[in-house]
Amino acid sequence: MKYESTRGGTTPVSSAEAIKMGIAPDGGLFVPVEEVKLAQGQLADMREMSYQERAQSILSLFLTDFSAAEIVSCVGGAYTRDKFDNPRIAPLVKLRDKLHILELWHGPTGAFKDMALQILPHLLTTSVRKTGEEAEIVILVATSGDTGKAALEGFRDVPGTRIIVFYPDEGVSQIQERQMITQEGANVQVVAVKGNFDDAQNGVKAIFGDTGFGEELAHHGMKLSSANSINWGRLVPQIIYYISAYLDLWQAGEIGEGEPVNVVVPTGNFGNILAAFYAREMGLPIKTLICAANTNNVLTDFINSGIYDRNRDFHKTISPSMDILISSNLERLLYEITDHDAEQVRDWMYQLQQSGHYQVDDVTRTRIQEVFWSDFATDEETMTTIRTVYQEYGYLLDTHTAVGTNVYEKYVKAIGDPTITVVASTASPFKFASSVAQAVLGDEVVGEKDEYSLLRLLSEVSNLAVPQGLRNLDTRPIRHTHKTDRHQMAAVVKELLGI
Ligand SMILES: *Cc1c(COP(=O)(O)O)cnc(C)c1O
């Protein structure tokens, strides 16, 4: 399988090249040249398999230039009991009849980003080796909070790599920030950027687009790559858990062979839901993809109207990992939905860059609406959902997953669709402890307590252990204190790399 750019400006490359580069040289994103389909009977064959074996089968469909031994080694290095605190890696929990929660946060940092970022360093270093690359790989990451920590954990002390993470100084939670600035490892750097996530992401994109900068790095034996979900190596591992969840439902007798399910995804950069879209394209019986947004509902408006407009107020919400107005991976969807019309995609992306706005044609809009349904939840609705789900089922939702669950309720009300549904649960409730505690315990109990006390309190009340990666955060030494203006990011990178 070869990979081409969504903007049509590159000759197709191998998956190893696509993963190594991260973003295509013409500014587009790499996508498979041809459709990847599940073989006849392949779902049935994977039914009895472990998560790791399913991962191997699925990855080998996309990474055709990797040997079987390389894939086994990448999977084996990532999804271990050492790193994941649940033997099933991505377990499904039945909340009630027809509603299942897919817990994607059992990795080291408590968010779903670990599902991809535990394996990406293995995929990337294998890609580097396979392509005969000798340069040191410099990973630049812009994070809305969770990617940064997961990437730092994934890449820390990986030979031949260095990683620099940029996060918006006021756009992440106290726990998210503390997780990052206490990061250990000899090859890691963390920098706060004055601004919001889009500022940090645009800054990183600008560095990638600066050929002079790339040449200067090359001169010093270094090469940039990305661990953001624009990298195909981030996206492809996310396809695995949707297929695995379907197989678990089938295996448990919750669905019959070939029975369709709906999938709800709390969405920000559109990476996670795009992976579900690819699973559907492969032939996984998914009926509707429900795109759940918070009050930064640019995607909801887009799916419902065909108009993408980022010219609007930016809201800081209690689901900060979804506080995004430019969803990078939408570009891949547009490319797939228009049957690979690179010229059209390039034009829309140009309009987005120039005016912050574009409108797709009716055919494209209709095609998107055949697959996607979208709505959003306010902070207040999100809090109510956390509270009622806890009261009714004794189950703790994090703020992002609560957005998903709330939007699912709206979907059922609007459409009345009885299809069995899986909600992607994107973070441990402990990662957003103060909002979750406030929702289930009330303002009075929460009072002036800091996030760390609330984390412990939540653990006592719920009888759940605090995940390893979130324990003792307040007593770990702070190792990173850099802060920069968004226009100075390139200079900061040079300084940190010592060039
Ligand atoms: C990253 C993240 C999201 C959004 O995922 P995208 O792939 O960017 O759409 C949602 N919830 C949590 C907890 C996240 O960390």
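Which residues in helix 13 meet Arg 365, Ile 368 and Gln 369 in helix 16? In this predicted model, they are Phe 302, Ile 303, Asn 304 and Ser 305. By class, this contact of helix 13 with helix 16 has three nonpolar, three polar and one charged residues. Helix 13 spans residues 298-305 and helix 16 spans residues 362-371. Their axes lie 8 Å apart, and the packing angle is about 115 degrees. Angles of 65 to 115 degrees count as roughly perpendicular, so helix 13 is roughly perpendicular to helix 16.

Helix 10 (residues 211-219) and helix 22 (residues 489-497) cross at roughly 5 degrees, and their axes come within 12 Å. Helix 10 is therefore roughly parallel to helix 22. On the helix 10 side, the contact involves Phe 213, Glu 216 and Leu 217. These meet Ala 490, Val 493, Lys 494 and Leu 497 in helix 22. Five residues of this contact are nonpolar, two are charged and none is polar.

The ligand site was examined next. Around the ligand are 15 residues. Lys 113, Asp 146, Gly 268, Asn 269 and Asn 272 come nearest. Gly 268 places a backbone N or O atom 2.8 Å from a ligand oxygen atom. A polar backbone atom of Gly 271 is 3.2 Å from an oxygen atom of the ligand. Thr 426 contributes through its side chain: an N or O atom there is 2.8 Å from a nitrogen atom of the ligand. Taken alone, the ligand exposes 380 Å², and the protein buries 98% of that area.

Terms used. Residues are numbered from 1 along each chain as its sequence is written. This is a predicted model: local features need pLDDT of at least 70, side-chain atom pairs count only at pLDDT 80 or more; totals for chains, interfaces and linings use all residues. Side-chain values use heavy atoms; hydrogens and water are left out. Axes are lines fitted to C-alpha atoms, for helices over the stretch in contact, and angles run from 0 to 180 degrees between N-to-C directions. Helices (H or I, at least four residues) and strands (E, at least two) are DSSP runs, numbered from the N terminus. Angles under 35 degrees count as roughly parallel, over 145 as roughly antiparallel, 65 to 115 as roughly perpendicular and the rest as oblique. Contact means heavy atoms within 4.5 Å. Ala, Val, Leu, Ile, Met, Phe, Trp, Tyr, Cys and Pro count as nonpolar, Asp, Glu, Lys and Arg as charged, and the others, Gly among them, as polar. A residue is near a molecule or strand if one of its heavy atoms lies within 4 Å of it. A polar contact is a pair of N or O atoms within 3.5 Å; within protein, one must be able to donate a hydrogen and the other to accept it, and residues adjacent in sequence count only if both atoms are side-chain atoms. Accessible areas come from the Shrake-Rupley method with a 1.4 Å probe; for residues, only the protein chains shown count as cover.
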